[in-house]
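The entries below follow the order in which I looked things up.

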2 protein chains.
Amino acid sequence: MPDDTTPDRTVLSTGDTTFDSSLLPADAAATDVLTADRFGSAAPADPLGADPLSQGAGRKGAAPLTIYDVARHAGVSIASVSRVLNGHATPRPETRDRVLRAVAELGFVPDGAARALSSRLKEIIAVVYRRAPLGPVDDPVFEDESENLAFVDVINRGVQITAQHRGFDLLLSSVDVDDHAPGPRIANLAGKSDGMLLHDRVLTPSGIVRLADRVPVVTLAGTPTRASVNISGDNIRGMRDLITHLIEAHDCASIAFLSGHIDSPDSVARARVVRETAAEYGVRVITGPHWTGEYSAAGGARVIRTLLDAGTALPDAIACANDQTALGVLYALHERGYQVPGDVKITGFDDIPVARHLMPPLTTVRQPIQDLGAMAFDVLYSMISGERPAERQLVLPVQVVVRGSCGCPTEPLPSYTRTA
Amino acid sequence: MPDDTTPDRTVLSTGDTTFDSSLLPADAAATDVLTADRFGSAAPADPLGADPLSQGAGRKGAAPLTIYDVARHAGVSIASVSRVLNGHATPRPETRDRVLRAVAELGFVPDGAARALSSRLKEIIAVVYRRAPLGPVDDPVFEDESENLAFVDVINRGVQITAQHRGFDLLLSSVDVDDHAPGPRIANLAGKSDGMLLHDRVLTPSGIVRLADRVPVVTLAGTPTRASVNISGDNIRGMRDLITHLIEAHDCASIAFLSGHIDSPDSVARARVVRETAAEYGVRVITGPHWTGEYSAAGGARVIRTLLDAGTALPDAIACANDQTALGVLYALHERGYQVPGDVKITGFDDIPVARHLMPPLTTVRQPIQDLGAMAFDVLYSMISGERPAERQLVLPVQVVVRGSCGCPTEPLPSYTRTA
DNA sequence: CTGAAAGCGCTTACAG
DNA sequence: CTGAAAGCGCTTACAG
């Protein structure tokens, strides 16, 4: 019952340090919080064995509990305690019970570092991403770099949830954009984990190869190496379908591609497909150094403003390298009084959560973002388990999601009838 | 030079498993990736000492390098290696150089678990959040739970960046909404970390007290206990200023408060302030079980649809418990043909990154989200260092950000002149 | 300044 | 089924 609905909370006044005294006693309802068998075995959920030690905050200074304390308390050897804690079959019920009781009464939690050192498994994978650069534009509307990391955040969520199923946790780290020697940090992470998951642009391919020599490595939206596996969405199919839609359904005769980082494999692949697909239809493609948005809303807005300031005419459609860029494009166009999709059609890539809430809702290519993370973990896990990956490059299917920004009618309003 | 601009990448065809062979050799440019002194000392950045072992992926099966290998290679004791690696003052330059060279040549990375066990410091803090529930509405527009976690993601980013400055990494975990016994998972995390940071509604206060008995605990947007410190934004000041603005600047005579989780301290505090402030002005407040949005866009949309379906008249303004809720409210109103702020004024709370990009841009209370995370880490770090926290409740200042959704004119279009 | 050795808290053959 | 003991790879008094 350590449920969040327990109504034993009190709202404090701001800055107030008083608090409801009912919070203080280690009440019965919370007994299972720390004493429940962490391995899912049948621990005594009965609050009777309430931990006497936790009654006072006093044991803070005391030496932390070890497996020896538990063994002594239960009258068994540390080997037996370890076996019970690890769910081995051997200890007979009676021994098991005594151990479990002792663990519950003492509130024992095994030390992860000791377990890791002994078992040679940390049950931790490190995830590293590069923090997006703030656009060069000093624009308060776009000042928050966090907004450009929605894609990474959702992938990481997929990784974390999947890892959790196998008892693994995620050690999260980031590399600053202008950190040109991330090696030491990443080496440190390698020492703290069983495997590493690198987002795009964290390490060069050669850096990845060296890292992979020490620990299994999987990359996301990157490039496979002889020693690492890469996971990506299907850029080719996704962008081809999107461009085809713009041309066939909306008669676009000129399409600009607003790229991401010039060295991003995803962006390069998407750009190429735009060119190829348009060429098949004889449609004009606009791209180049003026059309570079660094995957950020600020970058997208900057491109639009620069173009309009220069008096450049807008193409029929702008295909953005990702949704964040489209977000900035939409904002800048609106700011200058242009209508989307009336004056120009806009599309994104990724289908991050907000894409559907924009005005107009964003037509984009939906990547299975959380699945990318899940898949990345699965592959990494198998490598940690000693398996040799069958493929070095895994591509997940994507799908065009047609909404309003490409010129398609926004979906009709459904009628909801609902009773509370 | 392990920079992402190194142009030695090749874009693959989808599903293709070939790759540019230039990726294969462990080229000189990447030498410093793993061999650089991880403690910032003067390691030989010179690529001359390129690691011969990493030339082949063959050493995969070999026993991992230990400090003994380095010591032997350098002709010193393991104690000296350790001292150099930890930046102690003692080893004289010559010894230091020999160690550093051996470390670089072998590509040695110390094992984190062994370090942690020996030094009693893992340099890891665990962060746990509760994954937001999907609204009960089976609505494809709002199906992605990730969209409701933007606030948590940004806080975590603040934590991670701040932790990084002290050499700490972040162990990220989440508790499923309907996990009623998160104890075992959280105990496991406690064993893997030096301290814990809990987001709202992860543990009951009594659960927190028990946990705090084993490891330092800081909560975010929660409730302080005798054993843990809580960090929050200034709900009182923020909501008071916001409601005052709606009343004084926009003559609102009826204001609804669309709450978050009913047991969320933040939501309860905000609701109370809405009531108190409105009462001072004699303004009518609408709230109650029909006005509960669980902090999610889906929840906000559901509330609006239910009300409109029931023929309920809209109040002058709806103050949402957070921005996510406002996002759903905006969408649902637009869906039904209502104008914001014309028909009803809408406000949020948090100022998550997308708030400024909505149409109309969302008037809200800006919390220093990343700072909340930074502060949380700082407090936790001091507790890990053995300091007794001076305050149990820390409140960070917030600020009303007036945009279009409250009825204020959207800011005038600035004129940008920019040269590429 | 440097090294031999103890010890951190677990897991797991190895005996019994 | 159970226990004594070795060992995981580091750090750090303790001597020299």
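I call a residue buried if 20 or more other C-beta atoms lie within 10 Å of its own, exposed if 12 or fewer, and partly exposed in between, with C-beta atoms placed from the backbone. By that rule, 57% of the 420 residues of chain A count as buried.

**Entry: ground rules.** This is a predicted model, in which local features need pLDDT of at least 70, side-chain atom pairs count only at pLDDT 80 or more, and totals for chains, interfaces and linings use all residues. Residues are numbered from 1 along each chain as its sequence is written, while chains are lettered from A and ligands numbered from 1 in the order in which they are written.

**Entry: confidence.** I looked up pLDDT, the predictor's confidence in each residue, from 0 to 100. Chain A has a mean of 82, and 80% of its residues reach 70 or more. Residues 1–59 of chain A fall below 50, yet this stretch has 128 contacts in the model beyond near neighbours in sequence. Residues 412–420 of chain A are also below 50, with 10 such contacts. A contact here means two residues whose C-beta atoms, placed from the backbone, lie within 7 Å. Where pLDDT is low, the predicted coordinates should not be read in detail.

**Entry: overall make-up of chain A.** I found 13 helices and 12 strands in chain A. Helices (H or I, at least four residues) and strands (E, at least two) are DSSP runs, numbered from the N terminus. Of the contacts in chain A with a separation of 6 or more, 70% are between residues 24 or more positions apart.

Entry: Two or more residues of the surface near DNA strand D come from each of α3 and α5 of chain A and α3 and α5 of chain B.

**Entry: strand β8 of chain B.** I checked where the side chains of β8(B), residues 317–320, point. Ala317(B) and Ala319(B) face one way, Ile318(B) and Cys320(B) the other, and all are buried. In a regular strand the side chains alternate between the two faces of the sheet. β8(B) pairs in the parallel sense with β6(B), residues 254–258, over 4 bridges; strands pair if DSSP finds at least two bridges between them. Cys320(B) is the bridge partner of Leu258(B). β8(B) also runs parallel to β9(B), residues 345–347, with 3 bridges, and there Ile318(B) stands opposite Ile346(B).

Entry: Most residues other than glycine have a negative phi, and most peptide bonds are trans. Met359(A) to Pro360(A) is a cis peptide bond, with omega near -5°, and Pro360(A) lies in the loop between β9 and β10 of chain A. Val340(B) and Pro341(B) are joined by a cis bond too, with omega about 5°. Pro341(B) sits in the loop between α12 and β9 of chain B. Glu294(A), which is not glycine, has a positive phi near 50°. Is Glu294(A) buried or exposed? Glu294(A) counts as buried because 26 C-beta neighbours lie inside 10 Å.
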